[in-house]
Amino acid sequence: MTGLPETTQLLAELVGFPTVSTDSNVDMITLLADRLAQAGAKVEIIADESGRKANLWARIGPDVPGGILLSGHSDVVPVADQAWATDPFDLHEAEGRLYGRGTCDMKGFIAAAVAMAPVWAERATRRPVYFAFTHEEETGCLGAQALVKLLEGRENLPSIAIVGEPTSMRIIEGHKGCFEYSTHFTGLEGHGSSPDHGVNAVEYAVRYVSRLLDLKEQLKARAPEGSRFEPPWTTINTGALVGGVAHNVIPGRSRVDWEMRPVQKSDGDFVKEDLKHFCEDILLPAMRAVHPEAGITTEVIGEVDGLEPATENEARDIVMELTGANGAGVVPFGTEAGLFQDLGMSVVVCGPGSIEQAHKPDEFIEVSQMQECLGMLDRLSRKLG
Ligand SMILES: [Zn+2]
């Protein structure tokens with residue numbers, strides 16, 4: 001079994017790359033690619049258009065279906081404006097904890113998965129193990145969305161995915177999605193004394209928000225049976241309503257920033273379909289009766305699918321067996337898991353470290369969590385031969 005010292009050494013190297021989401025992650029991805037390639041992996045580095053960001057996709061073992069994917073994001077949240085006791089990009093060990101930005105979220109898991117490369121190479125003779133390390137998860141799963149697009153339609157994709165976000169090694173089989181939108185209203189400016197000669201973009205935005213409030217109520221009745229989410233239904237939040245300049249001016253432009261957190265894909269479709277008809281059949285005809293150029297456009301800021309709990313989930317069954325857990329839960333935070341579920345994989349989120357420490361100053365991971373993770377991966381590797 002690959003030991004803790006090698007894993008900690010690799011984690012120190014990974015923490016040393018300041019891969020804040022807005023900055024380049026290419027050096028870290030290159031190092032991981034080298035380590036995997038040395039063990040005989042077939043590695044692909046997929047850069048984005050800028051060349052400053054890259055995803056890694058790699059396989060150790062035969063090119064056959066039924067593989068197991070280990071997935072993690074390479075980026076970390078910023079350290080600016082946080083008071084750290086030590087250099088966040090210099091791994092520091094004290095009292096059974098490893099301190100550094102990204103230790104729990106989620107370079108600890110990546111280090112464990114890659115430090116074991118020689119073990120995977122020896123044992124993955126029947127089923128392959130895959131690695132997906134992505135960019136810009138923290139700013140909207142941008143890397144994973146690009147990766148999933150690339151993988152669509154490929155043959156022999158893995159059938160199981162373990163996303164190693166920090167769950168204290170608990171098994172998570174569900175989380176909500178996160179869809180964010182900005183809806184822009186273009187009306188016609190005019191003098192406040194003649195409201196019928198203008199198209200008041202703020203008033204139309206208010207009617208739109210009012211529709212969002214109706215939908216917010218309707219979604220409660222659509223909560224799936226036995227939903228364990230908190231709250232159990234899909235939520236909508238209006239985050240900002242922006243527009244207008246003065247009391248006596250009809251505002252020509254406005255914007256509504258809103259989000260929805262779907263517990264199931266069909267709720268997202270339900271809301272989008274309803275709003276489409278509301279705009280096309282009610283708001284736009286009224287706006288255009290006064291000003292034919294009036295319009296409503298919705299800009300998609302991000303649509304990251306949730307992880308829908310599934311009755312049959314091979315990933316959950318295997319990881320339960322490997323960890324001895326007797327159940328699986330749901331969490332309120334989002335991950336890349338839903339994207340892999342969309343590709344037809346059975347998926348769980350399970351990784352070392354606590355989400356309590358993520359994104360905070362003096363982020364750390366307990367050494368015991370790293371050991372637990374290595375133990376789980378070691379048992380997993382025995383399933384591949
Ligand atoms: Zn994370």
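## The largest pocket

On a 1 Å grid laid over the protein atoms alone, a pocket is an open set of points with protein on both sides within 12 Å along at least five of seven lines, and its lining residues are those with an atom within 4 Å of a point. In this predicted model, the largest pocket has a volume of about 550 Å³, where a volume is the space filled by probe spheres set on the points. Of the 28 residues lining this pocket, the closest to its centre are Glu 137, Glu 138, Phe 333, Gly 334 and Thr 335.

The elements that give two or more residues to this lining are α5 (142-151), β9 (178-186) and β14 (295-304), and β14 gives the most, with 4 residues.

The protein donors of the zinc ion (N, O and S atoms within 2.8 Å of the metal) are His 73 (NE2), Asp 105 (OD), Glu 165 (OE) and Glu 165 (OE), which lie 1.8 to 2.7 Å from the ion. Because His 73 lies in strand β3 (residues 68-73) and Glu 165 in the loop between β7 (160-163) and β8 (172-175), the pair ties together parts that are 92 residues apart in sequence. Both His 73 and Glu 165 are buried, a word that stands for under 20% relative accessible area with a 1.4 Å probe and protein chains only.

## How the model was read

Residues are numbered from 1 along each chain as its sequence is written. Local features need pLDDT of at least 70 and side-chain atom pairs count only at pLDDT 80 or more, while totals for chains, interfaces and linings use all residues, and side-chain values use heavy atoms, with hydrogens and water left out.

Terms used. 1 Å grid on protein atoms, 1.4 Å probe; cavity = no way out; pocket = protein on both sides within 12 Å on 5 of 7 lines; lining within 4 Å. Donors = N, O, S within 2.8 Å, 3.2 Å for Na, K, Ca; no water. Buried < 20%, exposed > 50% of the residue type's maximum accessible area, 1.4 Å probe, protein only.
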